[in-house]
Every structure is written in C-alpha cells, then in structure tokens.
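Have the model open as you read.

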Amino acid sequence: MTLPSLRRLAAGWAPLALLFFIFPLVVSAQEGDAIIRFDSAAAHFTESLPVGNGKSGALVFGGTRTERIVLNEISLWSGGPQDADDDSAHFYLKPIQQLLLEGKNKEAQELLQKHFVAKGPGSGHGQGANVKYGSYQTFGDLLIKWNDSSKPVTAYDRILNLQDAIATTTFTRGGVEYIEDVFADFINDVIWVRLKSSKKKKLDLTIALSRQENATTVAAGKRLIMQGQLPSGKDPGMKFTAMADVSLAGGRLIDKGNQIIISKSDEVVIRVAMVTNYDYDNGGLRDFDIVREAERYLKDSEAISFDEAFNESKRFYRSYFDRSSLYFPANDEEVVKFTTNERLTRYAKGESDPQLPVLYFNFGKYLLISSSRPNLLPANLQGLWATEYQTPWNGDYHLNINVEMNYWPAEVTGLGDLADPLFKFTRHLVPNGTKTAKAYYNAEGWVAHVISNPWFYTSPGEGADWGSTLTGGAWLCEHIWEHYRYTLDTAFLRTYYPVMRGAVQFLQSVLIREPEHGWLVTAPSNSPENTYIMPNGFRGQTAMGPAMDMQICRELFSACVKASELLNIDEEWKEELKQIIPQLAPDQVGSDGGIQEWLQDWKAADPHHRHVSQLFGLHPYDEITPWSTPELAAAAKKTLELRGDGGTGWSKAWKINFWARLGDGDHVLLLLKELLAPVRSQAMTMQGGGTYPNLFCAHPPFQIDGNFGGTAGIAEMLLQSHGEGEVIRMLPALPSNADWENGSAKGLKARGGFTVDMVWVAGKLQTAYIHSDKEKECKILLQEGMWVMDQASGQIVATAKGTEVVSFLAKAGGSYLVGK
C-alpha cells in the first residue's frame, strides 16, 4: 500500500501524538510506583529496605537508637565441593524401571529410596549449614548506635527509591533533622552509608561490625575489619572479610576495641567492602589475600565523594532499570502519603490504587538488577538478602521451579543479559552432572536433580520422594533456548548448544517404552513434590513419564532440532530426535477434565498442591495455547479450577502466568490481589502466600521467586509472543477493572528480537511502536482497521481487515508504527 496523502497522514498522526502526551511512554517513574515507604523503623527484616549491586547487598532497618544494616555477599556459603554420588546406584536402574513397567510402584519406590539418594546427608534436610552441602549466610551486621537517643523522635520517614536505587531514612530529634542514605555501588563494589544532621556537631555515634559466629572484628584507626571462616562439614571452608572505612566532616574519631566512636561530627560516611575466596570459575575456593582485596575496593573509592559515587552508580543502574517501564495514571494523588503496607491493606479491601501493581513490577526489576550480575552467581531463594546463618532451605538453588522463576521477567523486561549468571551456572553443572548421570543412570549427557548450590551439586537429594526429580538441569536449559528466541543471538546459541545437547542426551538415555500405548517415557521420575494415589490405594511419588517430564522433553528435544538446523551441526542426531519426538507420551486429559499429572489417570493426594507441574506446557513452555490447542487449553483451565487459587507466594505467581496465558485478565487480577495481600507472620506455611510490608514475597517465609514470578505475570498480561509463529499479542490479558483501562508500556521485549511500546485507552490498544533488532518476519495480532507503518519510508506495510494476524518483513533496526 502506498503512502497516504500528506494531509491524511497529518490528520492521522495528530491524535496519536495527543495519546502519547496523555499517556506517555515514560522513562521517569511516578512517586506512587517508585517509592516503598515506612513511617517507623523495621521490627523484622520483612520491613527492612533492600539495596544491592548483584555482588553485595544490605537490608536497612532504619533504627533511631541503634541502626542495623544487615550485610550480604552473593557468594558467602558454608560447605564446599563434595562427592555425593552413589556410584553403584545405576545397577538398580533396570530393576526399578522393570517394576514400574509391571505396575509395582511401591516396590520400585522402596528400591529407589534405598539407592537413588545422595551419598551422605545431602542438603541436611534443608538445614545444611554445618554439612558439606552448606548454606547461604548473612555476612553480619553494620551497627550504628546513636549515643544521644533519649529524646523522642518525630517526622520519621524511611523510603526505598526504586528509580534511583537508594534507601533514605529521615527523622527529627531534639530539633535536629537526621538523614541516612544507603546504596550499593554498582561501579566501586562497596556499600555506602552517609549520615548527616541539620545542625553542626550533632552526630555522636558508635559504629561496629558484628557477626554471631565464625568471625572476629577489630578496630584499626578509622577502619573496622571483620575476618572469618565458615565450616565445610568437619573441614575448614570459605574465608571472608568485611572492611568498613569511616570518614568524617568535623568531629572526632577514636577506635576502641572492636568499635569506632564518633563525637560531634557534621557528617559521617561509611564504605563497606566484602570479599570471600569463592572461585566463580570452578565452584571451589581460591587461595588469595582477601584482606588485601577488600583494601583495594576501599582504596579505589577513597577519592570519590558520596554524591559522585552515587551519581555514577545511579547512571549505571538506570541503564538497566529504564529499559522498560509501565505507566498507569494515578487516580488519587493522596495515595503516596500512605506507607506501602497501608497501601497493601487498602488494596486488599478493594480500594483503587492503579500504581500499586506498577510499584510491584518496578520492585521486581529492581530486585533482579540488584541480585544478579553477569559472571557471578545467580539470585538464590532469597536473591542475595538474608539475616540468617541457616537460611530456609539453605537459601540454595531449587531446580524444580524456584531458580528458574527468578529469571522469568528477565527477557521480557529487557534484562536478558542479567540472566548470564543462570546460563553460566547451568554450564558449570555439566562436569558434575556428567558424573552423576553415569553413577545413577549409566547415561550419556548430564543431569541435575532438584537442588544445587555454588559447589555445583547435581546428585539427588537425601530423600527420593522429592529429591529424584531428574529434569532440573533440562529445565535450566529452557532459559538458554528462550534467550535465543528473544535475541536471535546465534553466537550465544553456539556457546551453550553443547549444554542443551548434553541435557537431551541424558533424557534420551532414560527413556523407556511403556506397555499400554508404546509411548516413550522417562523412568524413574516424579512430579515435583506431589503424591499420587493408585487404584490399589498406594500413595507414592515414583513414576514413569509424569506430564512435566514429557513436556520438558518435547521442548528441549525440539529446541535442539532447531538449534542444530540454525548452527548447521549434528545432522544425524537431529534426525534421530525428530524420530523420537512424536513417540514421547503426549498431554492427556483425565477423567476430571484436567491435564493428567501422571501417565495414568491417578488422583493427587493433595488436589490443591502448590506445584501445578502438569501445566509446564502452558507456562513457561508454550505447547498449550488457546489458539493452537483449544481442547488442551480448556483442560488446563479445568486443572487450575480444580487446583484452586490458594498456595504459597510463588505458587500464586505461577498461577498468574497460567491465567495470563489463557487470556483471562480478570482472574489474573484476582490472583495478583491475593499475591499482594499483606502478610505479617513469618510462620512457615504452604497455603498463606502474600506480600510482606517491604514487598518481599511471603512463601511464607520469604522467598524471592514470587516477586519475580509476579513481575513476569504482569508483563504477560500486557504482551505475549509465545506459541507457534511467535505472534506478538498486545494486551492479551488486560483486566476489565477500571484501574487498568488506561495506560502505556515501554520497552517490553517480544520473541524474535522485537521491542514493543504501546498505549491503550478504555481497555483498547490505540497505538504502538515495534522496533526490530534483526531482519525478520514480524507477526502481530491486530483489531480490524489497524495498520502498520514503516516509519523510515512512510509505507503502510500491513492492514488488518478483521481481527487477524498480519505479517510483514521487519528490517534490522527498523521501527514500525501501529495505529488506526
């Protein structure tokens, strides 16, 4: 179609320009969607404010008598490398498989429980701090005691600014305003703390570094030096040091024992450097001078002022944070005066707050940027924030959804490069996983089961009922393939293809042919953490071909076929896979109308179980869609209805993504409100998920995966590009709620190397920009009358004659306007 007349074009562009003025494609956030606020000090870490730079982190409590700033460093783990494989286990593989083929699951499970477990204590039943498996631990506390704290405090305010990545506490005492600023420096790798008073000589402080175990602290001049070593079972383990440097503007400083005492100062700046001897390349420990390394961090930043360091760090942080944004117009300017927990409470009661979901979305981006840095370790169960010496479930890497969920928002929000730690972690599992595959399955390729740690643990857990799931490594590989789908980066794919190939080779090795249909199925395996009930009454976990296994097999086998074609390698193996894929056990609809979780139509012992593993094919995989497989999509919906909306925080986050994939925005919003329901108690439960006052996700206890899953779910409501053809679908699950009817989104990524900006009014897409990184066919679902214009040439390249998918060849670097 040729370019319209200039008059017609001008007439068409005017309302579009007005739309972008009213609903801007903002970069700068609003206060209501960028500030987490408290009006009192934290009583618990779920009220603290997290800062981090991917390596170092802190939790700011904001105390006015004694300030507590909890320190963290992503690699601080007890434990160490170990050989947890039972090298004789594979002798029992064929007998276990045969028992499963004969329907003798009880006997198979008993044999599995004896032999397909870790050699030794494994993860210590989730309490592994003092065994070889280890545990993620707090680095300790920076304590700042206000020596003159007898007078009452007024005008208290404590905020975390998500746009600038800084925590600020202000209060007034005795007619003096005090301000504390804390941020994690992305450039200089130190934690900065600045304390100021509105009147001179009013800072009287005692500063200490404290740790309850395995460390000592001394004061030397203007520095506090903490040194320690964690246990590795019965052996000495990781060495660590924290060094705090204190500088003053006016006043006096003296060191006394293990403290620094400040008197009559105008301003105090503290820089904290944290170092361990973890070896990121090999998953062990390095022999080097960690004290000298900490001194180097402090020396490199000593000539920089607090403001200079903050501005440089903020620029770096914003280069990530500003890649994507959401904008919902505020309908109540007064809402910013409420604390965040008050906003959560009001929202749970049904009051309007359109910016609260955006705040949660921005917090998810903030957490990912702050806890995941290329070439370091992935974000763990708590990101990198912990106050404990024995974190829940060791603060490790659970491979049956949790660490994967941490990275669900990465690609769509434009932060795919921050998934680098997950890719490298997956590759680092291969050597140990190769050994584990031989030990337990006499198999080619590599395997990782349910749990892992910085020591690259790949053995089963200490209990086969949960610890023998064999698709953990394969699920990690899904993120490698998804990164390629979003970026079309063939160099990346070539680097990581051998990792994917090895995972598929392992799965090939454990496929057996089940007798009823002749399908190929994995064996032995289980459906993560769930229990079936056989017709004979036996309750068990060990099974052949659970639905999730088969879906993962189909996804990864198909990915390797496509990768082989793209890279022009492994032609013979590719053809072998193409022959296997149709023989894999398919998705089945059970007698209850839902997707079967197991190969046979068995009931679940817990029909409301938090894992909904049989819907892996709906999300994060995409073999089940409403447009390509409507019958299976209807069965997936039935599964969700039977499972119910309850569950842990991360479980609700997964269900948000499920319902978004089914296009039911109103149900998504119902679940989002449940995820945002305020939670106070830290008591562990599998049913009470929600959100703590500082927006950390409540399992309970705190697990960060729910934050990331919820962030991904919000993006999934607004943009989808999965399924056959990778069609871009804008606003696929927009709720009918008035809070959501007007808004804009900028910088969301679609598969195929596309970036999408869009504006909607009254619940309908009004206009969008599509930016293409590569030359590629672009497919978009549009409403009748909408068109796509090449901005460079002014040519209309596609028009929707009805509600339909239109396509055009997008140019590398091209931008395309969607309008009507």
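## The second largest cavity

The lining of the second largest cavity splits into seven nonpolar, three polar and two charged residues. This is a predicted model, and in it the second largest cavity takes up about 70 Å³ of space.

## The largest cavity

The structure has five cavities of 30 Å³ or more, and the largest of them has a volume of about 280 Å³. Its lining is made up of 22 residues, and Trp408, Glu411, Glu482, Tyr486 and Arg751 are the ones closest to the centre.

Which elements give two or more residues to this lining? They are the helices α9 (408-412), α12, α17 (649-661) and α19 (705-718), along with the strand β29 (719-720). Sorted by class, the lining of the largest cavity comes out at nine nonpolar, six polar and seven charged residues.

## The largest pocket

Now for the open spaces. The largest pocket has a volume of about 660 Å³. Arg485, Ser558, Lys562, Tyr621 and Asp622 are the closest to its centre, out of 24 lining residues.

Two helices to highlight here are α12 (472-487) and α14 (547-567), each supplying at least two residues of the pocket lining. The largest share comes from α14, with seven residues.

Let's finish with a strand. Is β10 (residues 203-210) largely enclosed or largely open? Six of its eight residues are buried, so β10 is largely enclosed by the rest of the structure. Buried here means under 20% relative accessible area.

Strand β10 has partners to trace, too. Strand β5 (residues 140-146) runs antiparallel to β10, and six bridges join the two. In this pairing, Asp141 sits opposite Ser210 of β10. Strand β15 (residues 259-265) also pairs with β10 in the antiparallel sense, over five bridges. There, Leu203 has Ser265 in β15 as its bridge partner.

Methods
Residues are numbered from 1 along each chain as its sequence is written. This is a predicted model: local features need pLDDT of at least 70, side-chain atom pairs count only at pLDDT 80 or more; totals for chains, interfaces and linings use all residues. Side-chain values use heavy atoms; hydrogens and water are left out. On a 1 Å grid over the protein atoms alone, a cavity is a set of points where a 1.4 Å probe fits but cannot get out, and a pocket is an open set with protein on both sides within 12 Å along at least five of seven lines; lining residues have an atom within 4 Å of a point. Grid points are joined across faces, edges and corners, and a volume is the space filled by probe spheres set on the points. Helices (H or I, at least four residues) and strands (E, at least two) are DSSP runs, numbered from the N terminus. Buried means under 20% relative accessible area, exposed over 50%, partly exposed in between (1.4 Å probe, protein chains only). Two strands pair if DSSP finds at least two bridges between them. Ala, Val, Leu, Ile, Met, Phe, Trp, Tyr, Cys and Pro count as nonpolar, Asp, Glu, Lys and Arg as charged, and the others, Gly among them, as polar.
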